[in-house]
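Biologist: I am new to this structure and would like to see how its labels follow from the numbers. Could you take me through one part of it?

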Amino acid sequence: MKLKQTLGIAFVLCVGLSALKINAATDSENNKRLNDITIIGSHNSYKRKIPVELLAHIENHNAKLARSINYYHYDLYSQLDSGLRQLEIDVLADPDGGLYENPLAIKILKEFDKTIGEQQGFYQNAMLASGMKVLHIPDIDLFTHCATFQLCMQQINNWSDENPAHEPLFILINIKENAVDWVNGVKPIIFDSAMFDKLDAEILEVLPREKLLLPDDVRGKSKSLKQAVTTNGWPALEDSRGKIIFIFDGKPRQANIYREGHSSLSGRVMFAAFDESQQEAAIMVVNKPIEEQERIKRLVTEGFIVRTRSDAGMNESPEQMLRRYQAAVSSGAQIISSDFYPGSPNREIIDYALPR
């Protein structure tokens, strides 16, 4: 498969940004707020490498899809140790357990006499348990560093325990409800309000309340979350050390269900990516820093926190990704997510990495 590209341009970019550090001068940190940061994060942080035999099978059906999912990351501990301060987790509902126990990918790999288990990232026993699961695409892209959502939370919590004064961590959550058309396999469960309640509960079952920065904490006595961040502002950066902040990057239907009965996300665990016209708006997800650069700049100026992406999929050229990174930095977005942060294993696939 011709999935490797090379970078023929020099990494010359003077942006005044350390790719893996909080952008906060120590002599004035007490005056800085949570939105005065610039951090790098990873995209689909749980994802492990797809076996080459399976990738070839996917390419026979859809070459573009094969390229777009041909990336992976080291374990969550390693990413956090390297300095990343935003992780992204995909979640699928499995209230009874066993829904993702026998995926097509394993059947395909058995045709090659290939033994697949926990060492490669398929946790069949964990898939039998009830509760939220973590994988990318049902049946074909399921190799993960933490098969259950609670296992992901435990890994993050353990790292936080070992680094109690850490800079705030942002955990982006996506809800997966779709499958690949040509795979006649498992159809993910559509989330309802009860499932969102369960998702919040799974976070609280693992992470101590004192470690979390919740929408209620930021809203305080303001009439709405939006009013709080655009008038009173975010908590002090120093007071946010050791905190973990969840962002629900949901589709409009999902986000509307998540806020039902929770005006301004009252009582909810996660912030959610609402449009700035909504009273629940606080943390925005704007993933096109070139096309929407002026909007990102405006949102940041108004007091919102913005997450954007410096690369989007493995179908872009290194030159395109570098331009996108430059736009992300110049936009002022506080959280920049990438598959090509320094030290990422994906340089094996495309010879590119974010400038240091």
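Modeller: On one side of α11, Glu294 and Thr301 are exposed. This is a predicted model, in which local features need pLDDT of at least 70, side-chain atom pairs count only at pLDDT 80 or more, and totals for chains, interfaces and linings use all residues. Residues are numbered from 1 along each chain as its sequence is written, and side-chain values use heavy atoms, with hydrogens and water left out.

Biologist: What makes a residue buried or exposed?

Modeller: Buried means under 20% relative accessible area, exposed over 50%, and partly exposed in between, with a 1.4 Å probe and protein chains only. Gln293, Ile296 and Leu299 of α11 are buried.

Biologist: What covers the buried residues of α11?

Modeller: The cover includes β6 (283-285), β7 (305-309) and α12.

Biologist: Why are α11 and α12 called roughly parallel?

Modeller: Helix α11 (residues 293-302) and helix α12 (residues 318-331) pack at an angle of about 30°, with their axes 9 Å apart. Angles under 35 degrees count as roughly parallel, and α11 and α12 are therefore roughly parallel to each other.

Biologist: Which residues make the contact?

Modeller: Gln293, Ile296 and Lys297 of α11 and Ala327, Ser330 and Ser331 of α12. Contact means heavy atoms within 4.5 Å.

Technical notes. Axes fitted to C-alpha atoms, helices over the stretch in contact; angles between N-to-C directions. Helix = DSSP H or I, 4+ residues; strand = E, 2+ residues; numbered from the N terminus. Parallel < 35°, antiparallel > 145°, perpendicular 65-115°, else oblique.
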